[in-house]
Structures are given as structure tokens and as C-alpha cells.
Amino acid sequence: MKYNRANINTLKNSNRALIFDELRKQPLSRAQLSSITNLCKSAVTSIVNELISEGQLTETETLSAPLGRHPILLDIVPDYRYAIGILLHRTRLTVIITDLKFNIIAKRSFPTADFTNAEKAIELLCEGAKELLDINDIPLSKIIGIGVSSPGPLDYKKGVIFSPPNFPLFADADVVSMIKKYFDMPVYLENNSVLLAVREFYLGKMKNHKSSIFVTVENGIGSCIMIDGHVFRGFSGLSGELGHISVQHDGEKCSCGNVGCLELYATLDAMKKRYGFENYSEVVDKAYNGDCEAVAILDKQATYLGSALADVVNLLDPDSIFIYGELNYKSKLLFDKISSIINERSYVSRAHIVDVLPARTDLDELSFAVAALLNKYFSFTL
């Protein structure tokens with residue numbers, strides 16, 4: 001009897017997760033949910049009615065229809081629960097409170113340079129989180145957990161950061177254990193690129209693609225492989241270190257041990273040092289106006305990124321590449337060049353075009369920290 005009840009509860013949570021997975025992308029009607037999830041209409045109605053009675057869903061505006069009753073859209077109630085996010089960055093450490101739809105309720109930041117050890121930094125971030133909850137009258141009972149974002153490499157299962165380049169403060173830091181000294185709740189550590197990719201899947205255009213490579217270009221270069229909204233992690237969870245693909249076999253020595261790594265050549269810092277410019281947007285504007293030197297800089301940037309991504313495309317056969325970060329200013333010219341190189345150098349392009357697209361930049365740049373935590377909450381795996 002217990003076994004049967006367990007099976008029923010598992011099935012119920014699985015069906016609820018299907019409903020939430022679609023409503024996280026956009027408000028939908030009951031009929032649309034039934035069609036997309038392949039759940040019968042009566043099952044969808046039953047689940048939706050329960051979630052409305054619990055306060056987790058709400059009915060919003062109606063869809064226009066030529067005849068008959070206008071279908072009512074359903075949406076997630078954002079303030080039903082909240083999440084704490086902690087962002088560990090090379091220049092700033094930030095704690096945020098968000099609702100269930102990535103909206104930031106409150107935040108507090110500290111310069112990374114103010115700290116000499118990870119334990120003290122985590123202590124201040126946790127104290128900051130408690131103060132933000134108090135100020136906004138949010139009880140701990142409404143917090144689903146804590147999401148922590150960090151540059152990689154890291155062990156997301158054990159909650160330990162390894163030794164990210166230029167980030168000695170958190171080298172070999174067991175940050176999840178540190179945080180659990182202050183909060184008795186689920187805590188999840190995740191790579192920045194993974195979190196940004198998950199957020200893009202639910203709030204951006206990635207949801208329209210089956211197999212995507214999400215690339216971040218900021219202080220370093222990282223990536224995440226997304227297949228039908230699921231992260232491909234590899235054997236130990238360290239897949240996606242695009243920045244450490246070698247693009248110069250006799251190039252500069254990287255702190256990772258390799259030589260000629262992409263992030264030594266294709267980040268803005270690397271390009272500024274190599275070509276002596278200060279303002280990337282000015283270079284892009286000049287390139288659009290036909291300035292030969294500016295065009296040459298973008299061509300070189302596209303060559304580095306395009307050649308590395310062509311290798312990834314040949315290996316993984318994605319249908320799209322989303323790029324986030326420093327290069328998203330008037331990105332079409334650069335992205336078209338990258339796309340051209342990929343299509344020239346990959347076998348995959350003979351079968352289908354690989355879209356090279358900008359990731360969403362109109363979202364609060366800090367909200368991605370809670371992406372993995374919200375995934376677990378809505379899939380009932382917390």
C-alpha cells in the first residue's frame with residue numbers, strides 16, 4: 001500500500017512539474033497545457049485547480065477567440081515563495097532576494113577586494129541575506145533555498161569551487177558547507193555559464209531550440225551545453241570549458257596548464273591589450289562605418305571565436321549558439337562573421353544552419369544566480 005501511494009505521489013509531482021515547466025516560459029491556457037504536455041484535459045484541470053487553491057497559480061487575461069468562450073491564461077504567482085542568490089565574482093560579491101519569476105526584490109553588494117578569506121566573505125553575505133529578509137518582511141519559511149553562482153571550474157555536487165583563474169579568494173572553497181552554518185535549507189553551487197543558460201532557456205529564445213551551446217564572454221570564456229532544456233555535464237560535471245580550447249598551438253601559457261587558450265585571445269581584456277583600444281563600443285561603431293582597422297579587430301575576434309566554435313559544432317551538432325556578455329553591443333556584425341566561419345569550417349553546416357544569436361540582455365544581470373534552485377523547486381527535486 002505504501003508502495004502504491006509513493007507511486008501515485010511521484011506521478012502527481014511529475015505531472016505538476018510538466019505544468020510548471022511550460023508556465024515558466026509563458027502564460028498558457030488549460031487547453032494549451034494539455035496539448036503541449038500530452039496530459040488529458042481532465043488531468044490538467046485537476047492539477048491546475050489544486051495549484052490555484054494552494055496559491056501557486058493564478059488566472060490572468062483571456063485569449064482572443066473567434067467563437068465561443070475565450071480561454072483563460074494561467075500564470076505562476078511570483079511571490080508564493082522566494083529564493084536567496086549569492087553571486088561570487090572577481091570584482092564584487094552580491095546577495096539577492098528574488099521571487100519565483102527571477103524578479104529581484106532586494107540586493108546588496110561588497111567589493112571582492114575587501115576580503116582576504118572566503119569564510120569572512122560568506123559570513124558577511126549570509127548576514128546581508130538575513131538583513132534583506134528582515135527589511136522586506138519575508139519569513140524564512142517562504143524561502144525555498146539558496147543558489148550560489150561562481151566562475152568555474154567547480155564541483156556542483158559537492159559544493160566546492162576549485163581554482164578559477166584570477167579568483168584566489170575562493171580557491172578550493174567548500175562554499176556550500178560554509179553557507180549551511182548560517183542557513184538550514186537547501187544550498188546549490190553552480191557555474192555562472194550553466195545558470196545563465198538555464199535562465200535563457202526559460203526567459204529567452206533558447207526555448208525554441210532543441211540543442212544549444214550557451215557561451216559567456218566576460219572576464220573569461222565559459223559555455224554550457226543545453227539539450228531540450230537539460231544541462232549536459234559530462235562525467236564529472238566539468239563540461240563546457242570552451243575558454244580552454246587551444247586556438248594557438250604555440251601560443252601563450254594559460255593558468256589551466258594548456259597553451260593558446262581561447263580566453264587568452266578573445267576576451268575584451270585580451271583584445272584591448274593586443275590592439276591597444278580602450279572602448280569596445282567605439283571599435284564596433286567604427287567597424288559599422290567601414291573603418292579598416294576596426295573591421296580587422298572584429299575579424300580577428302570572429303576568427304578566434306568562430307574557429308573554436310566550429311570545433312564544438314562538429315563535435316556536438318547543435319542547432320544554435322547563444323552568446324552572452326561583453327560582445328553583445330551591436331552584435332550582428334560580429335555574430336554574422338562568427339556564423340560565416342562556422343559554416344565554412346564545420347561539416348554540420350552541410351546538413352543544417354547553426355544559428356548564432358545574442359542572449360537576452362534586458363534581464364537583471366544578477367537574477368541568474370537562482371536559476372538552478374528554481375529548476376529544482378519547479379521539478380519537485382528540492
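Student: Where in the chain does Phe-380 lie?

Tutor: In this predicted model, Phe-380 lies in the segment after helix H11, which spans 371-378. Its phi is near 60°, a positive value in a residue other than glycine.

Student: What makes Phe-20 buried?

Tutor: Buried means under 20% relative accessible area, and because Phe-20 has a value of 1%, Phe-20 is buried.

Student: Why is the pair of Phe-20 and Phe-380 called tilted?

Tutor: The structure holds 8 aromatic pairs. In the pair of Phe-20 and Phe-380, the ring centres are 6.2 Å apart and the planes are at 40°; rings pair if their centres lie within 6.5 Å, and planes under 30 degrees apart would count as stacked, over 60 as edge-to-face, so this pair is tilted. The pair links distant parts of the chain, for Phe-20 is in helix H1 and Phe-380 is 360 residues apart from it. Ring pairs also link Phe-20, Tyr-377, Phe-378 and Phe-380 into a cluster.

Student: How do you know that Asp-172 is exposed?

Tutor: Exposed means over 50%, and Asp-172 has a relative accessibility of 57%, so Asp-172 counts as exposed. Asp-172 lies in the loop between strand S9 and helix H5, and has a positive phi of about 60° although it is not a glycine.

Definitions and conventions: Residues numbered from 1 in each chain as written. Predicted model: local features only at pLDDT ≥ 70, side-chain atom pairs only at ≥ 80, totals over all residues. Heavy atoms only, no water. Helix = DSSP H or I, 4+ residues; strand = E, 2+ residues; numbered from the N terminus. Buried < 20%, exposed > 50% of the residue type's maximum accessible area, 1.4 Å probe, protein only. Phe/Tyr/Trp six-rings, centres within 6.5 Å; stacked < 30°, edge-to-face > 60°.
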